[in-house]
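Please keep the sequence and the 3D view open while reading.

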Amino acid sequence: PKEGDDPMRRKINLEGDFEFFSGERFGSILLLGLKRDFMFHVTNLSAKTIFFDYLDMVSQNASLKVVVILGSPGKTGRNEYKEFYTQVIQTILDVSAVYKMFNAVDQLILKIIEMNQIVIHADSGNVLPLFLNISLACDYRMVADNTLFQNPCLEFGLVPKGGGAFFLTKRLGASKACELLLSEDDITAEDALRLGLVDRVVALNDLRETVMKKAEEYAGKPARSLRCIKRLISFSLKELYEYLEFETHELTKMIGPFGDGLVKDNR
């Protein structure tokens, strides 16, 4: 091995069943399935490291052209967020720990943006703001007709992390983005399609087959063309890095000692 190589990173197999995600390869397509309670695991240091190392390996694999991220069908939306809030947010007493959690979300969004492959997101059921932001960071979005985008953050006086305001403003304009971010109403799959939050709505039973067909369409294109086009399109997102830093600063300040007191600063 070369000097500086991480032996643990090299041992990760692209195909396998991991604690909170799974990987299946179909030629030049990788199907990355997220499991229930993904939110809990992405804030765990060891689990996060494995997942991010996995994404790095995928991005560096020149034989892969398309990555499909498939959301967990078992997530429960608002109830999952409330459980997450109770078990994670309320138990964190140090603002630095909150900062680390926000940083993990930022890393995930940026890794998706920076991947060398075309990334497609497919989801169904109740979708929380984190997963909407993951979807908006991808190159193509497909949802099942039973999808409901939910925003329970306002119930706790919080704002979702992960670039939501940035992505929504780019897609919908400032006024509509503000309206959605301050709304507690669910957004149906058809409304999401009309707004431009997703690119296609399909029947739930057809979701996996349809998204794989879309992946095959992209995989049929020259790899160099796919990578170059993605880099050109992503060039305008350079300001996302600065935005995420500012977002973390504002959200940490909001829940810190000068905010609503949700988190106590013990430094």
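## The second largest pocket

In this predicted model, the second largest pocket holds about 200 Å³ of space. A pocket is an open set of points, on a 1 Å grid over the protein atoms alone, where a 1.4 Å probe fits and protein lies on both sides within 12 Å along at least five of seven lines, and its lining residues have an atom within 4 Å of a point. Grid points are joined across faces, edges and corners, and a volume is the space filled by probe spheres set on the points.

Among the residues that line the second largest pocket are I113, E114, R227, K230, F235 and Y241. Helix 5 (95-114) and helix 11 each supply at least two lining residues, and the largest share, four residues, comes from helix 11; helices here are DSSP runs (H or I, at least four residues) numbered from the N terminus. The lining divides into five nonpolar, two polar and five charged residues, where Ala, Val, Leu, Ile, Met, Phe, Trp, Tyr, Cys and Pro count as nonpolar, Asp, Glu, Lys and Arg as charged, and the others, Gly among them, as polar.

## The largest pocket

The largest pocket contains about 330 Å³ of space, and of the 18 residues that line it, C138, D139, R171, I233 and L237 are the closest to its centre. Helix 6, helix 7 and helix 11 (223-234) each give at least two residues to this lining, with helix 11 providing the largest share, five residues. By class, the lining of the largest pocket has 11 nonpolar, two polar and five charged residues.

## The cavities

There are four cavities of 30 Å³ or more in the structure, a cavity being a set of grid points where the probe fits but cannot get out. The second largest cavity has about 180 Å³ of space, and P129, L132, Q150, N151 and L180 are the closest to its centre of the 16 residues that line it.

Helix 6 (129-137), helix 7 (164-172) and helix 8 (174-181) are the elements that give two or more residues to this lining, and helix 6 gives the most, with three residues. The lining of the second largest cavity comprises 10 nonpolar residues, five polar residues and one charged residue.

## How to read the values

Residues are numbered from 1 along each chain as its sequence is written, and side-chain values use heavy atoms, with hydrogens and water left out. Because the model is predicted, local features need pLDDT of at least 70 and side-chain atom pairs count only at pLDDT 80 or more, while totals for chains, interfaces and linings use all residues.
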